[in-house]
Amino acid sequence: MKNAVDEKYLISPFLIVPLMYVSMVGVGVLNFQRELAEHAGYNAYISVILVGISLHFIIWMIYKILSSNQAGLDITVINNACFGKIAGNIINLAIVLYFFFGAYIEYKAYIEVIRVWLFPAMKILPISVVLVSFIYYTVSGGFRTVTGLCFLGFLMTLIFIIPENLSLLPYLHPLNLMPLLNHSITDILLSSKSMLYQFLGFEALLLFYPFIKSPEKSQKWAHSMVFFVTLLYLMVLIVTFMYFSEGQLREISWPTLNMLKIIETPVFQRVEYLAISLWLLKNLSGICLSLWAACRGMKSVVLQIKPRMSLLAFLVGFLILECFLKDRSSFRWMAEFYSDVGLYFIYGYIPLMFIATQLRKTWNKG
Amino acid sequence: MYRWKTFSVIILFAVLSACSDQRIVNQICLVHAISFDTVSNGKKTAVLISHFKEQGKTELQILHTVSNSNISLPRLNTMTNDPLERGQISMVLFGKTSAEKGTGTVLHHFLRDPKFSSRIQLAVADRDASELLEITKKTQEPFYLSDMIEQNMRSGNLPLMNLHVSLFNYYGEGRDMFLPYLRIEHGEVIIDGLALFRRDRKITEISMKDAFLLKMLIQNSKNGSLMVPLAGKASNKPSEDFILLRSMHSKANYIVSTVNPVPSISIRLKLVTELQNVPEWVDLRSEEQLTQLEKALSSYFRTEIEKFLSLLKKNKVDPVGLGDLVRGRSREWNAQDFEKIYQRIKTTVSVQVKIASTGSA
């Protein structure tokens, strides 16, 4: 099988593990429990399982879509082939914007965590400039640099998520999860929607697929990562539900960080400050991956813009948005819009493309 | 090119470490304990702060102010030369009247503010809480009260408590909050049982003995100890015969048999104890006497727990979380309806005491 990308830029199939992890575990893992419980109450863990199962199908479809093309090309080329030059490019541009806003929302959410927990009076512009230059450094280094950072982010967060949950054991009330089923299907589906928002980001696979050496070998890793991340979310969610009573969870905006407040170690009296700082690495790698995908997408849209130029444009866009989007309500609106678009992207666009590419394949054969 | 890149990365990391928001320990006033009282002309807030002079030497000081807001830390801040820092608070005290009038706003504040640790200890005083701070100041140990409560949870009769547990009980439906109840005896602070709350108001207080029963009902009562009066056959003065026992392990099992219309719950307790002191006429080497003793202890605990539960029902407080148990078994449950039937709940208790060791005798 011939690859369109030069051999020296490729990554081995196993390295899809940190990439998938980083894109699926966002800053939302710090506070997704509350939104989930809003609709389905303490039955919300069912939503996590539902979304996890559905994502396995989506991943399977993504691999089918991408491998339908013999040359191992990414989604932008397939779009052009399926919908023609103009319509294809409009869709590509939409995908680029989607990844750009995904990166921005992740970035903004992290800034909010810093503001609430670490430095309430911090000026945003200086730290934004520092972070943006760091992102520039990583993304301009190419896909392999992004993968490297993702690997670090993957390790950094794993070392605290699992021990955190173990240290809470004496405070857990398993009875909180009872009764097992007292919410309607609609409530559970509504919670599933906000759960999907946490998973959003893994669609970057559509764009970095050609960068994987022998991509068909990576499929099992992608599936096992979806399984692992679902399990991780499920563990965090169930531990949260057993740790907080339902009324208490309603009052807390960052449950995962709040749980860290119970841990006391000899040197660090508060672990959450350490955790937030470590989270920076994970978060930056997620942002870098999304931005890289956006730049990669730009490459094939109309003008063949160089990734470096589009990256600069995106980062300036970050800073401009930072200056204009000051109030919380417009950011919330943006995040909600993004999650709606994500819902249609995952459950509408991808199955559609799946059908389209499969039909094309059979036609070409016949 | 590479050198330039490495250089810029190092610079970026240096800038990221953000030395903008410094708090150096001898340029701030750490608050160690805070107390809330209701006085005739408003609400009184007092804090115990420390000044660090040199290594190993701390000077404690108490500041207080009266205002009409609940948390007057900003007002207290105007009385110190260095800024007050609330992240180190380890003890929150409620005075008698403020606990009876309601602690809800203070609790909500402690829930919302990310600076407070979840391990803060809360307690209720039998008088103005600021008097307890004065005594703590004399001990010259800023963490005296919180350490006292914590060691009593580990090696005494107090159940596991801290800010998180109290908030869990306060915000959770079908359970009520309880806090240690502190008194002053001969100029020293003493833990005299637990104060029981309904929502955010203190309703009643229970003795250390009942605290042990509560600990048995909600968790493993390891290390708690109790004096059990023994109606001895050979004794002339029954009131003076006591067994001092220490719990090594205990486990409570709850079975909710019916939910509607009035729930009935059967509680099965298993308690493994060590006898620390027995009257001289008890022969610990005799198997027969030991089994008899186990039976006597079991029936003693049964009646005591039944008495304790009826005390809870009489006061309409639910520190055990019986409401939560019923909630877990029913699809439709609401706190108001449950409150109405709480006093009529049927509870049956059975206790199985096992003597694992008879001490050094």
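I noted that the crossing of helix 1 of chain A and helix 10 of chain A is right-handed. The model I examined is predicted.

Entry 1, the helix pair. I looked up how helix 1 (residues 16-24) and helix 10 (residues 219-243) of chain A are placed. Their axes come within 9 Å and cross at roughly 40 degrees. I therefore recorded helix 1 of chain A as oblique to helix 10 of chain A, because an angle under 35 degrees would count as roughly parallel and one of 65 to 115 as roughly perpendicular.

I then listed the residues that meet. Helix 1 of chain A contributes Ile16(A), Val17(A), Met20(A), Tyr21(A) and Met24(A). On helix 10 of chain A, the partners include Trp221(A), Met225(A), Phe228(A) and Leu232(A). I classed this contact as 13 nonpolar, no polar and no charged residues.

Entry 2, the cavities. I searched the whole structure and found two cavities of 30 Å³ or more.

The largest cavity has a volume of about 60 Å³. Its lining draws on chains A and B, with Phe244(A), Lys261(A), Phe110(B) and His164(B) among the residues. Helix 7 of chain B gives the largest share, three residues. By class, I recorded six nonpolar, four polar and one charged residues in this lining.

The second largest cavity has a volume of about 30 Å³. Its lining includes Tyr107(A), Leu131(A), Asn283(A) and Ile287(A). Helix 5 (85-118) and helix 13 (272-300) of chain A each give two or more residues to it, and helix 13 of chain A supplies the largest share, four residues. I recorded seven nonpolar, one polar and no charged residues here.

How values were computed. Residues are numbered from 1 along each chain as its sequence is written. Chains are lettered from A and ligands numbered from 1 in the order in which they are written. This is a predicted model: local features need pLDDT of at least 70, side-chain atom pairs count only at pLDDT 80 or more; totals for chains, interfaces and linings use all residues. Side-chain values use heavy atoms; hydrogens and water are left out. Axes are lines fitted to C-alpha atoms, for helices over the stretch in contact, and angles run from 0 to 180 degrees between N-to-C directions. Angles under 35 degrees count as roughly parallel, over 145 as roughly antiparallel, 65 to 115 as roughly perpendicular and the rest as oblique. A crossing is left-handed if the near helix is turned anticlockwise from the far one by less than a right angle, and right-handed if clockwise. Contact means heavy atoms within 4.5 Å. Ala, Val, Leu, Ile, Met, Phe, Trp, Tyr, Cys and Pro count as nonpolar, Asp, Glu, Lys and Arg as charged, and the others, Gly among them, as polar. On a 1 Å grid over the protein atoms alone, a cavity is a set of points where a 1.4 Å probe fits but cannot get out, and a pocket is an open set with protein on both sides within 12 Å along at least five of seven lines; lining residues have an atom within 4 Å of a point. Grid points are joined across faces, edges and corners, and a volume is the space filled by probe spheres set on the points.
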